Amino acid sequence: MSCLRFQLAPSATVLGLLLIGVLAVSAQAQQASTPVPPPPSALTNQELAISVHNPFQDFVKIPIQSTTGFQLGPDHKAGASWNIQPLVPISLNADWDLIARPSVTVTYLPTPYEQTGLEDTQASFFLTAKKATTWIWGVGPLFQFPTASSAELGTGRWSTGPTAALVYTKGPWFDAILTDQLMSFAGNRDRGSVNQTYVEPQISYNFESGWYVDCDPAITFDWTADETDGWTLPMGTDVGKAFTFGAQDMSFQLGAYDLLKRPAGSPQWIARVSVTLLFPTGIK
């Protein structure tokens, strides 16, 4: 791997400061509302496992995921990406929460030339009912910012669109579907338009021990590409476990997905590893 300097756009710095500010405000709000927090064992391992999947969880969680793509490009090389996507709930009143989910990804590409850098940054926001239990829904906007450190790693466009999710949870089962439509409105017009549909169905079974089995494919369709290159359709499974390490609630997960449909030059299959830090009693 060649050593490259990241040349990050000013908007990346602004987004980082905003993320730190949101985390700090959320942490202070949680501490103010719960001056004497319960111990980490207040949630069972099964409840912790379900919270790993829930996009509307009512406490801060920080998933960190590494994805490796195999048989990438004409030389069948391996590429990798590292993503962090904190979930930060903000209490608006007794009935409504606003869920903020910024997403930052760093990617290593071996082709067409070896490089490592920052991708475009995303941030989504969901308005959701605080007292919902079995069926939970959320709607809001999604934003994508042209923070990529090279042309190959980003779109060069400012994009936005609607996003929504619907969750069903009962007993050990957790089912959900998350979708968004992203469209460009500004930026470098020479790079072409962004018009992409994203659908993420999810089904998981969560055992009392904290172990879980999960199917969570990220399906996309690029409306600006040829029909044969428009679809990205992975299929596979993840296995993970939620547990408490010292005083920290967390989960560890492994998974593999075959790309049944994919654009030319994309990896044929991916393996992903993720660690999620859970803060049901707030960040101390």
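Reader: Why is Trp-173 called partly exposed?

Author: Its relative accessible area is 40%; buried means under 20%, exposed over 50% and partly exposed in between (1.4 Å probe, protein chains only). Trp-173, at 40%, is therefore partly exposed. This is a predicted model, in which local features need pLDDT of at least 70 and side-chain atom pairs count only at pLDDT 80 or more, while totals for chains, interfaces and linings use all residues. Residues are numbered from 1 along each chain as its sequence is written, and side-chain values use heavy atoms, leaving out hydrogens and water.

Reader: What makes Gln-253 buried?

Author: Gln-253 has a relative accessible area of 9%, which is under 20%, so Gln-253 counts as buried.

Reader: How do you know that the side chains of Gln-253 and Tyr-212 make a polar contact?

Author: Their distance is 2.6 Å. A polar contact is a pair of N or O atoms within 3.5 Å; within protein, one must be able to donate a hydrogen and the other to accept it, and residues adjacent in sequence count only if both atoms are side-chain atoms. The value of 2.6 Å lies within 3.5 Å.

Reader: Why is the aromatic pair of Phe-125 and Phe-143 called edge-to-face?

Author: The structure holds 11 aromatic pairs. In that of Phe-125 and Phe-143, the centres are 6.3 Å apart and the planes at 65°. Rings of Phe, Tyr and Trp (its six-membered ring) pair if their centres lie within 6.5 Å; planes under 30 degrees apart count as stacked, over 60 as edge-to-face and the rest as tilted. The pair is therefore edge-to-face.
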